[in-house]
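Let's explore this model together, one question at a time. Have a look at it first, then try each question before you read the reply.

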There are 2 protein chains.
Amino acid sequence: MLQLYSYSLSSAAYRVRIALNLKALPHETVPIHLRKEGGQQLQAAYRAVNPAALVPALVDGDLTLSQSLAIIEYLEDTHPQPALLPADPAGRARVRALALSIACDIHPLNNLRVLKYLKNELGVQDAARDDWYRHWVMLGLDAFEAELARSPVQGAFCHGDTPTLADICLVPQLANARRVDCDLSGLVRILRIEAACQALPAFAKAAPALQSDAG
Amino acid sequence: MLQLYSYSLSSAAYRVRIALNLKALPHETVPIHLRKEGGQQLQAAYRAVNPAALVPALVDGDLTLSQSLAIIEYLEDTHPQPALLPADPAGRARVRALALSIACDIHPLNNLRVLKYLKNELGVQDAARDDWYRHWVMLGLDAFEAELARSPVQGAFCHGDTPTLADICLVPQLANARRVDCDLSGLVRILRIEAACQALPAFAKAAPALQSDAG
């Protein structure tokens, strides 16, 4: 059975949880608590799984995979249905670009280890650190909303009427945004899509609060 | 003809330049100077191409693509030979994870706009900003080296004996690392792979110093 190394509040792990649910793939979850014991991801036991000491990781037999988007592409390669990427190259490029706009342009800047560096190494106060967090989230989500607005591709989700990798990245990023009180009220397309996602059990069941290590 | 919006010193644009060269795809380059006129990428003319105001962007007919990895996957979908991803799902996952470990875990933290925020909004001095830069580069490259060391997959490049998306991300990141004097001498596998890449005209011709807007 697939094993997912996950942390309830990791938005990268949250993406993989959604993908596993959408594809209805049985798996067991191994919690790696990023805030306990100085960070369980930094300990030798987990470094043996992933030398980069980041969650998530997915174990499939004798194969260990890291990087949430690479894991989801692997699930797409090995379990193509339901598809999380469109069939046409232009659609695939658009969905991947939306996903990467979150995975590369927003999330790395609000990662826990980065926030810790700001505080511990650069002496940034909590208020300025939260401003930093909100700055990158809103810059990225505003661009995401602009892309949704200008695209000829419409639908209930980011790209048509079925959820894709773009939605899988968007929903966890919105959970992060709310944790630092970002004002999302102007992002009307994004909020409409989020509601459509949350109506699906695959998204709802992947929420941080419902994971075994939450609390 | 394909049009690449590029900046010589953008490592994300550098990735796409390498991919276009490896696939021998004719294209014209439109320079977007990130340090001139307050940043040409922030101006309305470029925002009409890419609302996120980031380079690179690739125009293919009436299609405009953003995000370097999405662009390269598009080139792979539309021009499969020579392949930049392995044929097997496990290999594809490994190459994508290596690429994403640079694109998500290193590069976003040394992006120009982030360095500017550290200086202008957080008052971080130049020396501390360079330490920040080196910290994330070395943390990421050390993990990359560890992954190369432990993998059963060997060869002249990151994954076997032909260049892949992983090499395409690695070489530009090393150029960035040298710009802030990172000590790369311990990364023996990475340096060997870099030399193999630089021996190929597709990589060599994509170097920042050889672009029309360099200098």
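Q: In which loop of chain A does A:Pro56 lie?
A: This is a predicted model, in which local features need pLDDT of at least 70, side-chain atom pairs count only at pLDDT 80 or more, and totals for chains, interfaces and linings use all residues. Residues are numbered from 1 along each chain as its sequence is written, chains are lettered from A and ligands numbered from 1 in the order in which they are written, and side-chain values use heavy atoms, leaving out hydrogens and water. Helices (H or I, at least four residues) and strands (E, at least two) are DSSP runs, numbered from the N terminus. A:Pro56 is joined to A:Val55 by a cis peptide bond with omega of about 5°, and its place is the loop between helix H2 (44-47) and strand E3 (57-60) of chain A.

Q: Which residue has a positive phi although it is not a glycine?
A: Look in the loop between H2 and E3 of chain A. The residue there with a phi of about 60° is A:Ala53.

Q: How much area do chain B and chain A bury between them?
A: The size of an interface is often given as the accessible area lost when the parts come together. Here buried area uses a 1.4 Å probe and is summed over both parts. In chain B, B:Gln67, B:Arg113 and B:Tyr117 lose the most area to chain A, together 15% of what that side buries. Of the total for both chains, 69% is on carbon and sulfur atoms, and that total is about 3700 Å².

Q: Why does the pair of A:Glu73 and B:Arg96 join two chains?
A: Side chains of opposite charge can pair when their charged atoms come close. In a salt bridge, a side-chain nitrogen of Lys or Arg is within 4 Å of a carboxyl oxygen of Asp or Glu, and A:Glu73 and B:Arg96 form one at 3.5 Å, N to O. A:Glu73 lies in helix H3 (residues 68-78) of chain A and B:Arg96 in helix H4 of chain B, so the two chains joined are A and B.

Q: How many salt bridges does the rule find across the interface of chain B and chain A?
A: One salt bridge links B:Asp77 with A:Arg96, where the closest N and O atoms are 3.6 Å apart. Over all chains, a search of the whole structure finds 26. Across the interface of chain B and chain A, the number is 6.

Q: At what angle do helix H7 and helix H8 of chain B pack?
A: Axes are lines fitted to C-alpha atoms, for helices over the stretch in contact, and angles run from 0 to 180 degrees between N-to-C directions. The axes of H7 (residues 165-179) and H8 (residues 188-198) are 10 Å apart, and the angle is about 105°.

How values were computed
Buried area = accessible area lost by both parts, 1.4 Å probe.
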